[in-house]
Amino acid sequence: MKVGPDIAMVASLVGDPARANMLTALMTGRALTASELAQEAGITPQTASSHLSKLEIGGLIELEKQGRHRYYRLTDPDVAGVLEGLAGLAARAGHMRVRTGPKDPALRRARICYDHLAGDLGVQMLDSMRQQRLVRQKKQEIELTAEGERFLAQNLQISSDMLDHPRRPVCKACLDWSERRHHLAGTLGAAMMARFGELKWAVRDSAPGSRIVNFSRNGEKRFLALFGTTDAEHNIVVQFRHARS
């Protein structure tokens, strides 16, 4: 018998369409009820209960009780990272669902990936941070620089001690499913997304299961003032991706 991680078990949990829909809904970072997840998956509450039990036993979600209510959330950001990566793989392989219509461009432009910014603006932010030497990136390894620490403290009031976490890196590359390039995850990505909300630059769509992030006109102006990019490579990649779509 082979020894090591059982990826087949995880794949079987994610591979069921109903469970995949539930997990995708939880990528908002919000905790949702079984009824909300059943609606997202298009199944009955009884069937949803069985699926949720399997996901909980498998370690992909966790239950949180609040009074009489029971909520479910992803166990940690690594689960969201795997799901985002699988979405990118599915997109590259041509396994796409029917487009959602008017909301689809908004989802591709800016969305939440568990607790950090994804989509075109998320990728652009990381591109800009590299250009400004706020971070150093080598393949999937990202490191915050001293200049980056000063920049964050001055412009977003994010201090380095706010980023410490015993089980999570400060910076992490997360493969963006729609842009097919990296955006910024880790405690820094989460802190920046939270700060955008506190400054009222951006607000997350309130609908259960929606991952769309809407920037206000002033918020996008302020965001681009900090993270605007003239990266020709980024523009070429975006044009190439749309040409293939």
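These legends describe close-up views of a predicted model. Local features need pLDDT of at least 70 and side-chain atom pairs count only at pLDDT 80 or more, while totals for chains, interfaces and linings use all residues. Residues are numbered from 1 along each chain as its sequence is written, and side-chain values use heavy atoms, with hydrogens and water left out.

**View 1. Packing of helix α3 on helix α4.** Helix α3 (residues 34-41) and helix α4 (residues 45-57) pack at an angle of about 100 degrees, their axes 9 Å apart. That angle makes α3 roughly perpendicular to α4 (65 to 115 degrees; under 35 is roughly parallel, over 145 roughly antiparallel and the rest oblique). Helices (H or I, at least four residues) and strands (E, at least two) are DSSP runs, numbered from the N terminus. Axes are lines fitted to C-alpha atoms, for helices over the stretch in contact, and angles run from 0 to 180 degrees between N-to-C directions. Ala34, Leu37 and Ala38 of α3 meet Pro45, Ala48 and Leu52 of α4 (contact: heavy atoms within 4.5 Å).

View 2. Strands β2 (residues 61-66) and β3 run antiparallel and are joined by six bridges (strands pair if DSSP finds at least two bridges between them). Leu63 has Tyr72 in β3 as its bridge partner. Two residues lie between the strands of this hairpin, where Gly67 takes a positive phi near 65 degrees.

View 3. Leu74 belongs to strand β3 (residues 69-74) and is buried, with a relative accessible area of 1% (buried is under 20%, exposed over 50%, partly exposed in between; 1.4 Å probe, protein chains only). Not counting residues up to four places away in sequence, the residues that Leu74 touches include Leu23, Leu26, Met27, Val79, Leu83 and Tyr114. The C-alpha atoms of Leu74 and Gly29 are separated by 7.4 Å, although these residues are 45 apart along the chain.

**View 4. Aromatic rings around Phe196.** Phe151, Phe196, Trp201, Phe215, Phe223 and Phe227 form one aromatic cluster. Rings of Phe, Tyr and Trp (its six-membered ring) pair if their centres lie within 6.5 Å; planes under 30 degrees apart count as stacked, over 60 as edge-to-face and the rest as tilted. The structure holds six aromatic pairs. In one of them, Phe196 and Phe215 have ring centres 6.3 Å apart and planes at 55 degrees, so the pair is tilted. Phe196 lies in helix α9 (residues 186-198) and Phe215 in strand β11 (residues 213-215), so the pair ties together parts 19 residues apart in sequence. Both Phe196 and Phe215 are buried. The rings of Phe196 and Phe223 have centres 5.6 Å apart and planes at 80 degrees, so this pair is edge-to-face.
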